[in-house]
2 protein chains.
Amino acid sequence: MSISPLQDARAAYQPKLPAVFANRDGAFSTSQGEPTQSVADQVKIKAKFAHTYGLPELTFVPGEKGDSDVLKAGVILSGGQAPGGHNVIAGLYDGLKDLNPVSELYGFRGGPSGLLDNDHVLFTDGMIDAYRNTGGFDIIGSGRTKLESEEQFAQVAANCGELGINAVVVIGGDDSNTNACLLAEYFCREAIDIQVIGCPKTIDGDLKNDHIATSFGFDTATKVYSELIGNIQRDANSAKKYWHFVKLMGRSASHIGLECALKTHPNVAIISEEIAAKASTLQDVVTYLADIVCQRAAIGKNFGVALIPEGLIEFIPAIKALIAELNDLLADNAVYFETLDTDDDRLQFVNSHLSAATSQAFSSLPMTIQLQLMADRDPHGNVQVSKIETEKLLVEMVESRLQEWKAKGKYTGKFAAQTHFFGYEGRCAAPSNFDADYCYGLGYTAAALISSGVTGYMSCLQGLTKPAAEWRAGGVPLTMMMNVERRKGHDHPVIKKALVETDSPAFKEFAANRDKWAMDDDYQYPGPIQYFGPSEVCDLTTVTLAIEANQ
Amino acid sequence: MSISPLQDARAAYQPKLPAVFANRDGAFSTSQGEPTQSVADQVKIKAKFAHTYGLPELTFVPGEKGDSDVLKAGVILSGGQAPGGHNVIAGLYDGLKDLNPVSELYGFRGGPSGLLDNDHVLFTDGMIDAYRNTGGFDIIGSGRTKLESEEQFAQVAANCGELGINAVVVIGGDDSNTNACLLAEYFCREAIDIQVIGCPKTIDGDLKNDHIATSFGFDTATKVYSELIGNIQRDANSAKKYWHFVKLMGRSASHIGLECALKTHPNVAIISEEIAAKASTLQDVVTYLADIVCQRAAIGKNFGVALIPEGLIEFIPAIKALIAELNDLLADNAVYFETLDTDDDRLQFVNSHLSAATSQAFSSLPMTIQLQLMADRDPHGNVQVSKIETEKLLVEMVESRLQEWKAKGKYTGKFAAQTHFFGYEGRCAAPSNFDADYCYGLGYTAAALISSGVTGYMSCLQGLTKPAAEWRAGGVPLTMMMNVERRKGHDHPVIKKALVETDSPAFKEFAANRDKWAMDDDYQYPGPIQYFGPSEVCDLTTVTLAIEANQ
């Protein structure tokens, strides 16, 4: 099987490591900070994690070269793909081998289910080399099985025991790392000698906090989306006849949209968290969009680009309430609802049973969406919000609004729109230089944490806007990132999801510029990710990180 | 206004020229070939183009440096955007200035309409420098006004006369270059001293022939689409749960789909011209797709990637006939049809009036498409074929087919699909090294053709798979590419559109491999366009050109 010229050239790239690991000779030791606390709900978190709570932060510092034991580790990729996953595994593999050449790394296939089914592969140099600096998770695949019950943990212990594995590395998002901590706690409690280390993965960028500056993959994915947004802006500004509504993947937070906006300066970017904070309605969002379309038309610009976060609908309080009520209504009346034959009958049933407030939100939706909400439900009986094509919904509603305004003489432009949805286009891109280095470093640091004998830590690199040699490598206790959240009627200790804060420096930078960008066409064209050119073209990470580092 | 780091670094790139122009000192002359013939319908073409028919091919060869007159030229960008348009203008500008520093270049804004409205700008060094090696047509914009009547030609003559312009360069596709030739013929006939030179532009790749190896922009656009297809393939192969149906821009030919298939090796690629050649029905296409889905499911692969050309529907003979009949039917009965209130009434009317053959094609379409065909018509009353979301139509029909097969026990897999449409993402990308050089060379050659005093030629570079220094620069008579085609009931002399030939070497290469690619996941990941790396990563042009050069 042949590979592309770029993949071939890129295979030779040697990711840069923090100085403490640069000699690759194991000459490091850990510096311990003070005991830590969880970000909130300390009493509850401590009760749940008696053995892994309060651990100190760790930083790797130069030390004596010691003889490492033979390390045997296993690794899983959990959840959605993110650029650089293969480099985490390569860094982990190289780190283990550097510490002791006899060390072994097992990969479990298909995500957490591989750990349960003991579906594994023992990595070799050849396998790892074939995947260095490549995108995708295809080396062992990924999966979305939740690893959270004690029965599952016992099975993991049994399978690891069979292979002689004494450390498991979980590469995943906030939920996967929460479960990694539960697993670590279980092993400690049961006196099972298996360490658990997490690595922060997600293109969504919502796994970050005071210690984890960013999750891996966010840099590359936002660069791919920004390349495309820039190209579309250039097209809009050349053809001058379309509004492009671009939906960006990520339901739980708008970091992707914010970063892409900061990189490309579109005419409009909706940030879900701001919509929620202002308790805006869908009509408010439509008015905001239509207003900018209208103002631009007034100066002869019947074109533009608007970024829409995939999760927008669920951040609009009225729609969120509507969906919750619809879920209950349709679940409670499932049998009767099935007997209704026509759309009219179903609409009448729903309209007559919704509360006044949600009924208004429901009737504000275009008919196609109303029908879609009633028609498609997932296997749990829930309304399939993710199937709503938000970008098309908004185009349709903006168009209606503009027609109303046209009738009143308020608007005299032309509105023609194209829609786009970017997600799968970036999740498996080959990692940027930043993500290639960051991921390799996270994997290498995970190996160092394993050799240090600790458990319940997340691999951590800090100072990310500096050259890789200056990055600080260490470990952050997983419990430190936790708070208690109510899910499905129960309190759960979970790693706190990082939403876009409307008082954050990155959001403020966006907010300070958006009115200008709306009218002035300050379009930026970032172009495709470069691997070989000048450092300022190839090595810079996200605008979000740069702004945060300047604070 | 700031520019991105890549745009900044890329601004310094100096495109490579053919050796004959490399010294930029005007030391060249033309070598004339034999008188030429049009590719078909010689008598009719000659009658229409009495003054510009039969011109010899021209090749630039080293010569004495002479003193060039002051040249005053105008340029327009015509039709859809293609990467590199700005470099054609930069090459033309530099060529004119190299020949005589007092020469001037005017840009007419918004495409052909700028020539008619005399909406112009006189280019300066600063303006040109700001757009070197950038994507888009935003330097002067583009437009789709047809320049084809004698009244228009007289207006162009008047406007050029006012500015003292003695040459017009038309950067456009087959139709724009046909009209450029009509304009050249008009000027000759009327003894108006204005030359006309064409440049071959279109991402679709359908302006090519024995002399024009490729149109500019095709290389860059297909590289952007292939980057994204590769990323999606990696995602499909990592998640192993989706079929991705990717529609690619281009209604008139499938060169884009063929080139992307040769670059990325997807599981399926539909080539419209093959569908037409085999007189396949839509059901045949669905069967072909469903068969591959089914065969892959049988070996446990419930995922894959299929490329679909935007123009597919119109290449299916039965659908083409249906659309023609629908257009006539709805036009002839427009008033009555408007009185029909319900979808049922409209469907009944259409079904009862279509011929037996087309009625079958109509009823084979999903209901949503049937309704769409009746509902949306363009300002000329025609069915809006371009609004049909072919990729979703095929997903829906494949899904139905698989359900039938499941009921019969023939298929036991899972089918979940994601759809994509790539077009605007690539039309305005910054040009690849190849397109940057090719476009700059086309513009520079156009300047040389102007200084040689000829008219009715297309700027031409040959030997494109070799380094730029070895390219042969010259001019090809526009009449030489023409044949007569029947359009709207009349014979028209037009530049022959190049469709994918099923006996061409590129198609045969694809056909020889597609069965293997369908099953084996030989996915290629080309990655993003690179500008600074090793030559084999940055400088290679299309697979199509490479295959054709090897013949």
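Is F434(A) buried or exposed? F434(A) has a relative accessible area of 4%, so F434(A) is buried (under 20% relative accessible area; exposed is over 50%, partly exposed in between; 1.4 Å probe, protein chains only).

A word on conventions. This is a predicted model, where local features need pLDDT of at least 70, side-chain atom pairs count only at pLDDT 80 or more, and totals for chains, interfaces and linings use all residues. Residues are numbered from 1 along each chain as its sequence is written, chains are lettered from A and ligands numbered from 1 in the order written, and side-chain values use heavy atoms, without hydrogens and water.

Now select all aromatic side chains. Over all chains, the structure holds 36 aromatic pairs (Phe, Tyr or Trp rings, six-membered for Trp, with centres within 6.5 Å; planes under 30 degrees apart are stacked, over 60 edge-to-face, the rest tilted).

Select F28(A) and F60(A). Their ring centres are 5.2 Å apart and their planes at 85°, so this pair is edge-to-face. F28(A) sits in strand β1 (residues 28-35) and F60(A) in strand β2 (residues 56-62), so the pair ties together parts 32 residues apart in sequence (strands are DSSP E runs of at least two residues, helices H or I runs of at least four, numbered from the N terminus). Both F28(A) and F60(A) are buried.

Next, go to helix α21 (residues 433-451), which holds F434(A) and Y438(A), four residues apart. Their rings are stacked, 5.3 Å centre to centre with 25° between the planes. Y438(A) is buried too, at 1% relative accessibility.

Last stop: K410(A). K410(A) lies over the face of W405(A), 3.6 Å from the ring centre (NZ of Lys or CZ of Arg within 6 Å of the centre and within 35 degrees of the ring normal).
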